[in-house]
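Work through the exercises below with the sequence and the structure at hand. Each task is followed by a solution in steps.

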Amino acid sequence: MTDPIESLIREQLSQVGEDPERQGLQRTPLRVAKSMRFLTSGYTQSVEDVLNDAIFDEDGDEMVVVRDVELYSLCEHHMLPFYGKAHVAYLPDGKIVGLSKIPRVIDVFARRLQVQERLTTQVAEALHEALSPKGVAVVIEAKHLCMMMRGVQKQNSFATTSCMLGRFKSDSKTRGEFLTLMGMGMRR
């Protein structure tokens, strides 16, 4: 039985004036279907499954920062990629998470049709819910192919979004420390 996405891609090729039976395109519907399943695999994942047994009791309360986490997603408006870096910080309150889990949480949400604003908030809220920390901060910088390849066609623009929860929102000193640390790594 043919994958429904393959059938759609075959039809799309015909609709744009291509011959889906042409040698170079014969396996394109299969490849695109596999690619779409991977690029949207976040729909079949949950934060709970990703974090599994990687939350630990710990007395420390100093800021934990994971910077420059590359991310790739698809814009829900045009289904074109956007890509960039996420910077995440949290203030533990008795619990920490394995550092490699933070990029995995980002991927759970990035591998869905997205808007950058929602992606930023989803990552922050997921970490806040899982860890109950004193605060969470997420900043994402990304380039959007929907702005680069079509529409305004601006090649050098970045979109920056942030979500600050807890002390990162209420305490300007904590927020300032995080933003200072981010200034050391942004757009290198």
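**Exercise 1: a histidine in a strand**

Task: decide whether His87 is buried or exposed, and find what its side chain reaches.

Solution. His87 has a relative accessibility of 0%. The cut-off for buried is under 20%, so His87 counts as buried. The model is a predicted one, and in it His87 belongs to strand 3. The side chain of His87 reaches the backbone nitrogen of Asp68 at 3.1 Å.

**Exercise 2: the nonpolar core**

Task: which residues have the most contacts inside the largest nonpolar core, and which elements give two or more residues to it?

Solution. Start with the core itself: it has 32 residues, and those with the most contacts inside it are Val105, Ile106, Phe109, Leu119 and Val123. Next, list the elements that give two or more residues to this core: helix 3 (47–51), strand 2 (64–75), strand 3 (81–91), helix 4 (101–110), helix 5 (116–131), strand 6 (135–144) and strand 7 (159–166). Then take Ile106 and set aside its neighbours within four places in sequence; Ile106 is in contact with Val69, Leu71, Ala86, Val88, Leu119 and Val123. A second, separate core has nine residues, including Met63, Val139, Met164 and Phe168.

**Exercise 3: salt bridges across the sequence**

Task: how many salt bridges does the count come to, and where in the chain do the partners Asp57 and Lys95 lie?

Solution. The count comes to 10 salt bridges. In one of them, Asp57 pairs with Lys95, with the closest N and O atoms 3.3 Å apart. Asp57 lies in strand 1 (residues 55–57) and Lys95 in strand 4 (residues 95–97), so the pair ties together parts that are 38 residues apart in sequence. Asp57 is exposed at 62% relative accessibility, whereas Lys95 is partly exposed at 33%.

Now repeat the steps for Arg118, which forms a salt bridge with Glu76 whose closest N and O atoms are 2.4 Å apart. This pair also links distant parts of the chain, with Arg118 in helix 5 and Glu76 in the loop between strand 2 and strand 3, 42 residues apart. Arg118 is partly exposed at 32%, and Glu76 is partly exposed at 33%. Finally, salt bridges with shared partners join Arg67, Asp68 and Lys85 into one network.

**Exercise 4: a lysine in a helix**

Task: is Lys34 buried or exposed?

Solution. Lys34 is in helix 2 (residues 28–39). Its relative accessibility is 57%; the cut-off for exposed is over 50%, so Lys34 counts as exposed.

Terms used
Residues numbered from 1 in each chain as written. Predicted model: local features only at pLDDT ≥ 70, side-chain atom pairs only at ≥ 80, totals over all residues. Heavy atoms only, no water. Core = buried A, V, L, I, M, F, W, Y, C linked by side-chain atoms within 4.5 Å. Buried < 20%, exposed > 50% of the residue type's maximum accessible area, 1.4 Å probe, protein only. Helix = DSSP H or I, 4+ residues; strand = E, 2+ residues; numbered from the N terminus. Contact = heavy atoms within 4.5 Å. Polar contact = N/O pair within 3.5 Å; in protein donor to acceptor, adjacent residues only side chain to side chain. Salt bridge = Lys/Arg side-chain N within 4 Å of Asp/Glu carboxyl O.
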